[in-house]
Amino acid sequence: MQTQINSGTLYIVATPIGNLGDISQRALDILSQVDIIACEDTRHTQKLLTAYSIKNRTMSMHDHNERQRQEQIAELLQQGKSIALVSDAGTPLISDPGFHLVRHCRQLGLPVSPIPGACAAISALSVAGLPTDRFTFEGFLPSKSGARQTKLSELLDESRTMVFYDAPRRAIDTIEDIVKVLGGDRYVVIARELTKTFETVHSDSAINLLSWLQEDPNQLKGEMVLIISGALVKEHDISANVERSLKLLLKELPPKKACAITAEIFQVNKKDLYELSLTYKK
Ligand code: SAM
């Protein structure tokens with residue numbers, strides 16, 4: 001199938017997260033045919049281009065020059081040039097540069113078109129075996145333990161599956177914090193080196209996962225995605241914040257309405273709240 005390049009368009013092109021084979025024909029066509037490829041790291045992208053014998057002009061666009069580059073890129077697009085944006089791996093903008101550029105182009109009414117492909121978070125979710133109907137992507141956890149524990153405690157009652165990027169060299173400290181804040185029973189999945197030679201997907205309770213990591217230093221190498229199962233909201237396991245809101249609403253509204261609103265806000269089970277509200281009357 002012939003890929004058509006539109007002039008004046010910014011293409012957001014996903015590239016592999018490890019295995020160089022994970023790139024679409026359309027992505028290769030776009031990378032060959034655009035006027036310029038804006039890269040997070042030109043040397044890194046050059047390896048991909050060489051592997052596919054693509055010879056094209058590149059320019060750097062990373063966290064430190066994005067604001068300056070966005071003006072330049074917008075001008076080139078307005079002149080009718082077509083430009084591809086790539087990051088070092090996976091989908092640009094997902095914990096990678098590009099947000100300011102895309103927002104700027106959209107504000108100017110310039111066409112921005114996705115060329116979908118690999119993303120570490122989605123690849124990890126697809127093999128984790130945890131609910132994926134609803135999930136939250138939390139990006140990188142803070143590197144310092146105090147800030148990390150604060151972040152995790154904010155997520156204590158999160159009932160959706162939670163996806164994080166983390167450095168394996170910090171994995172032991174991170175899992176220790178998960179045990180401290182979310183409890184040793186919380187189910188965690190580590191998806192490491194996806195699509196690469198040492199790909200490993202391992203899941204267990206946080207406490208067992210900690211022993212597993214401590215016993216095998218090889219698991220502390222490469223790149224990893226961490227997935228934490230959402231909190232189970234059961235009867236009598238309702239957080240103080242949910243209870244406080246429920247009690248306030250019960251003063252103003254009939255029990256059914258108060259429970260329905262609280263359930264919607266905190267994404268907890270309406271029936272559990274109703275049963276709880278009955279215990280207040282007693
Ligand atoms: N934009 C990328 C994407 O679409 O996934 C993410 C870029 S972010 C700077 C890099 C992080 O993604 C790594 O620190 C790691 O957490 C995760 N990652 C990237 N490649 C991976 C892989 N092959 N296996 C596991 N995690 C990976």
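In what order do the five strands of the open sheet come? Hi everyone, let me walk you through that. The order is β6-β7-β10-β8-β9, with mixed pairing. Strands here are DSSP runs of E with at least two residues, and helices are runs of H or I with at least four, both numbered from the N terminus. Two strands count as paired if DSSP finds at least two bridges between them.

A quick word on the model: it is predicted, so local features need pLDDT of at least 70 and side-chain atom pairs pLDDT 80 or more, while totals for chains, interfaces and linings use all residues. Residues are numbered from 1 along each chain as its sequence is written, and side-chain values use heavy atoms, leaving out hydrogens and water.

At its edges sit β6 (135–140) and β9 (200–205), each pairing on one side only. From one strand to the next, the twist averages 15°; axes are lines fitted to C-alpha atoms, for helices over the stretch in contact, and angles run from 0 to 180 degrees between N-to-C directions.

Now to β10, residues 224–228. Five bridges join β10 to β7 (161–166), antiparallel, and β8 also pairs with β10 in the antiparallel sense over five bridges.

How many of the five residues of β10 are buried? Five of five, where buried means under 20% relative accessible area with a 1.4 Å probe, protein chains only. Met224, Leu226 and Ile228 lie on one side, Val225 and Ile227 on the other.

Technical notes: Buried means under 20% relative accessible area, exposed over 50%, partly exposed in between (1.4 Å probe, protein chains only).
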